[in-house]
Amino acid sequence: MDDEIELGCEYAQQRDDAASVNLRDRFYLPDDLYLDGNSLGPLSTDAERNLQHVVDEWRERGIQGWTDGEPPWFHYGEHLGKRLAPIVGAREDEVVVANSTTVNIHTLVGTFLDQRAELGRGQKVIVNDLDFPTDHYAIRAQLRIRGLDPDEHLVIVESHDGRTLREDDIAAALDEHDDVGIVFMPSVFYRSGQLLDIKSITDLAHEHDAFAGFDLAHSVGAMPHSLAENDVDFAVWCHYKYLNAGPGAIAGLYVHRDYHGELPALAGWWGHEKDTQFEMQLTYTPAHSAGAWQIGTVPILSAAPLAGVLDIIDEVGIKTLREQSVALTEYLISLVDERLPECTLGTPRDPAQRGGHVAIEHPEGYRINEALKAHGVIVDFRSPNVIRMCPSPLYVSFEDVWDAVEHLREILDERVYEQFEERGGGVT
Ligand SMILES: *Cc1c(COP(=O)(O)O)cnc(C)c1O
């Protein structure tokens, strides 16, 4: 741990002066302390400008936008895929933006289950009990559709501490079941922020003759990836978290070149070979790229902000962003240690095992989160006891981190959270 960290605002300001990223002026932050970019990133002037650009095109060109837009809307999914490829470490034709993350899990897990069936091989899917629930819902549905009992075919690796997963336990599950078709894991756990080793899990899956797929929702835009180099078979992610592309923004997917040309589980005309799509043949010819996993018409208004955000990422560089993110989470962790002794750190201390947010655990987590929001500190709560704080380096400073922790200190000291109601329903 960094033993040079000093308490106090002045030290935080010094760190900010020395920081390599500071694009706060390019973001609209509805509250001063916005530390929830791992859930919904804020609007930037770049995203807004590009959304306006597409609205202008729509107003001025109408349907001609499909061919004459800049870039043409017809190829918008592929165009953004190309721009994203270096950010996820893929070849240009291996990435496309399409659908939602949940839909992409459906179509990709479905496609790779079909691959296994064609080979006459096992179709179990290894997941874990810390997963984001939608991943399990979608995989179970894909198993059911194929007449496979999800209770038998979904192999759930269990966490030992309710926070993190050991790779050894994934290996043990692979050893125990000789009919595994897919290992499907997150890159970063949504609750604890643990970062898994994508390369090593991919190698493990391949050694056991299974496919390796990943949900990168909590790492895309927060750190570099090397999907192609690591030989990952497929991946999905969303753009509304670290990439700030807007609520419900179009999602992204990656399919290794080896599988281009295979039939997508959820086929649709937007995944048809582009040159002949408008011949309107009733037989489907998949595009020979990840573009085949698009389904219906690309939602241009939900994709346009992403193009603006990618300008920002190109400008800063994903490696620099990760470096500053690690520095910020390290600083936050040391403040949790020093200033919040009654809280438990739920996130690994080793930066190589940590994503972009920090999990702070307290039995009164729910009400503390409510009190923080009332103080203008936007973080979020995840059941049963986790307050997630995300110092996204694009717009969160060291001073913000210091201030957020001091608000939390005050809420604990004065038991401010007791003024708030116990947990109800709704979005947290
Ligand atoms: C945010 C998130 C999703 C969201 O899926 P949507 O289809 O966009 O609602 C899925 N999986 C993980 C791991 C996530 O963190």
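Helices (H or I, at least four residues) and strands (E, at least two) are DSSP runs, numbered from the N terminus. The structure is a predicted model, in which local features need pLDDT of at least 70 and side-chain atom pairs count only at pLDDT 80 or more, while totals for chains, interfaces and linings use all residues. Residues are numbered from 1 along each chain as its sequence is written, and side-chain values use heavy atoms, with hydrogens and water left out.

Two cis peptide bonds were found in loops. The bond from Glu70 to Pro71 is cis, with omega near -5°, and Pro71 belongs to the loop between helix 3 (65–68) and helix 4 (76–88). Ser383 and Pro384 are likewise joined by a cis peptide bond, with omega about 0°; Pro384 is placed in the loop between strand 12 (380–382) and strand 13 (386–389). Asn244 is not a glycine, yet has a positive phi of about 55°. The loop that holds Asn244 runs between strand 7 (234–237) and strand 8 (252–255).

Pockets were found on a 1 Å grid over the protein atoms alone: a pocket is an open set of points where a 1.4 Å probe fits, with protein on both sides within 12 Å along at least five of seven lines, and lining residues have an atom within 4 Å of a point. Grid points are joined across faces, edges and corners, and a volume is the space filled by probe spheres set on the points. The largest pocket holds about 360 Å³ of space. Its lining has 25 residues, of which Phe132, Thr134, Ala217, Tyr240 and Lys241 lie nearest the centre. Helix 5 and helix 6 each give at least two residues to this lining. By class, the lining comprises 12 nonpolar, seven polar and six charged residues, where Ala, Val, Leu, Ile, Met, Phe, Trp, Tyr, Cys and Pro count as nonpolar, Asp, Glu, Lys and Arg as charged, and the others, Gly among them, as polar.

The ligand sits in the largest pocket, meaning that more than half of its atoms lie within 2 Å of the grid points. The shell around the ligand (residues with a heavy atom within 4 Å) consists of Ser100, Thr101, Thr102, Phe132, Thr134, Asp135, Asp215, Ala217, His218, Tyr240 and Lys241. Three of these shell residues are nonpolar, five polar and three charged. Helix 5 (101–119) and helix 6 (133–145) each contribute at least two residues to the shell.

A ligand oxygen lies 2.6 Å from an N or O atom in the side chain of Thr102, and a polar side-chain atom of His218 is 3.0 Å from a ligand oxygen. For Thr101, a polar backbone atom is 3.5 Å from an oxygen of the ligand. Taken alone, the ligand exposes 390 Å², of which the protein buries 86% (Shrake-Rupley method, 1.4 Å probe).

Notes:
A polar contact is a pair of N or O atoms within 3.5 Å; within protein, one must be able to donate a hydrogen and the other to accept it, and residues adjacent in sequence count only if both atoms are side-chain atoms.
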